[in-house]
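Let's walk through this model together, from the overall picture down to a few aromatic rings. Have your viewer ready, and start by looking at the whole chain.

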Amino acid sequence: MRRGWKMALSGGLRCCRRVLSWVPVLVIVLVVLWSYYAYVFELCLVTVLSPAEKVIYLILYHAIFVFFAWTYWKSIFTLPQQPNQKFHLSYTDKERYENEERPEVQKQMLFDMAKKLPVYTRTGSGAVRFCDRCHLIKPDRCHHCSVCAMVNNCIGFSNYKFFLQFLAYSVLYCLYIATTVFSYFIKYWRGELPSVRSKFHVLFLLFVACMFFVSLVILFGYHCWLVSRNKTTLEAFCTPVFTSGPEKNGFNLGFIKNIQQVFGDNKKFWLIPIGSSPGDGHSFPMRSMNESQNPLLANEEPWEDNEDDSQDYPEGSSSLAVETET
């Protein structure tokens, strides 16, 4: 009876979290819809008097708006990629692992299982990375998201390119609105235009665009830095550990190749929100392997980092990592 009550309560809480997870999305959608109305109708159709200026403003605005909305949609509704079945423990291995009470034996069992898999990262203690909730050996750069039930979607391997594009087009969207609205903001401020309903929309539109522009530029700049060094958000705070030990630049392949790891080799797809990221999300090229294949990389000086290697960071905020869910 008590167990059934707990299961019902847990199910109810998960349902509430899923409903609440859409609140931020709904707020953003409402803000975007208002900005569309304020710019297209109150600014372009009511405030702007020149027909040529109206047409130019509307064409450029809608071109940016389409990519802005498209990338936002792809970021939200592209589901996190799940680890391949081969990383899951078989029923027999799961029974053996759970029935074994000695931690050192469990650790050795995971080592033996991982020998058959393309897994090269380890925990801080050198053990094989294992998810107790999903009962699988974690692929490299893969983390179980502890908050995936509280946000609308995780940012991972499958949608990181779309997330970066969304940030870029969001910055462009806010910048375009701010620059085109500014002159009419000045005119309303000086009283050169009649104080009508459009005045409120134009003034508030500039304020909102500038506010979002500043915050988005900071976030976008940070993720550009992560991409340039081929790091996930977690790896920026906690140095990944390989079979040979900790290595800050373990996945750093060089600036161009790092960008290609997210956007792909074909540059014509870099600005379009379609899947072009190379790989399967289960294994990633590593610096050590590239150095062995290319002697020139072995002589390359590693980039300096200032991160504290001992700093811990909660899982679930990775940028390139595949997210796993229970």
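A residue counts as buried under 20% relative accessible area, as exposed over 50%, and as partly exposed in between, using a 1.4 Å probe and protein chains only. Keep in mind that this is a predicted model, in which local features need pLDDT of at least 70 and side-chain atom pairs count only at pLDDT 80 or more, while totals for chains, interfaces and linings use all residues. Residues are numbered from 1 along each chain as its sequence is written, and side-chain values use heavy atoms, with hydrogens and water left out.

Now for the overall picture. The chain has 326 residues, and 43% of them count as buried. Eleven helices and seven strands make up its secondary structure elements; these are DSSP runs numbered from the N terminus, with helices being H or I of at least four residues and strands E of at least two.

Which residues does UniProt list as "transmembrane region"? Its unreviewed entry gives residues 20-39, 55-73, 166-188 and 200-222, and such annotations may be inferred rather than shown by experiment, with positions in the numbering used here and feature names shortened. In the model, residues 20-39 are 90% helix and 0% strand, with end C-alpha atoms 30 Å apart. Residues 166-188 are 100% helix and 0% strand, and their end C-alpha atoms lie 32 Å apart.

Let's turn to the aromatic rings. The whole structure holds 27 aromatic pairs, where rings of Phe, Tyr and Trp (its six-membered ring) pair if their centres lie within 6.5 Å; planes under 30 degrees apart count as stacked, over 60 as edge-to-face and the rest as tilted. Tyrosine 39 and tyrosine 61 form a stacked pair because their ring centres are 4.5 Å apart and their planes meet at 15°. This pair links distant parts of the chain, 22 residues apart: tyrosine 39 sits in helix H2 (residues 23-47) and tyrosine 61 in helix H3 (residues 51-77).

Tryptophan 73 and phenylalanine 77 give a tilted pair, because their ring centres are 4.3 Å apart and their planes are at 40°. Both lie in helix H3, four residues apart, about one turn of the helix. Tryptophan 73 is exposed at 54% relative accessible area, whereas phenylalanine 77 is partly exposed at 42%.

Finally, ring pairs link a cluster whose members include Tyr36, Tyr39, Tyr61, Phe65 and Tyr173.
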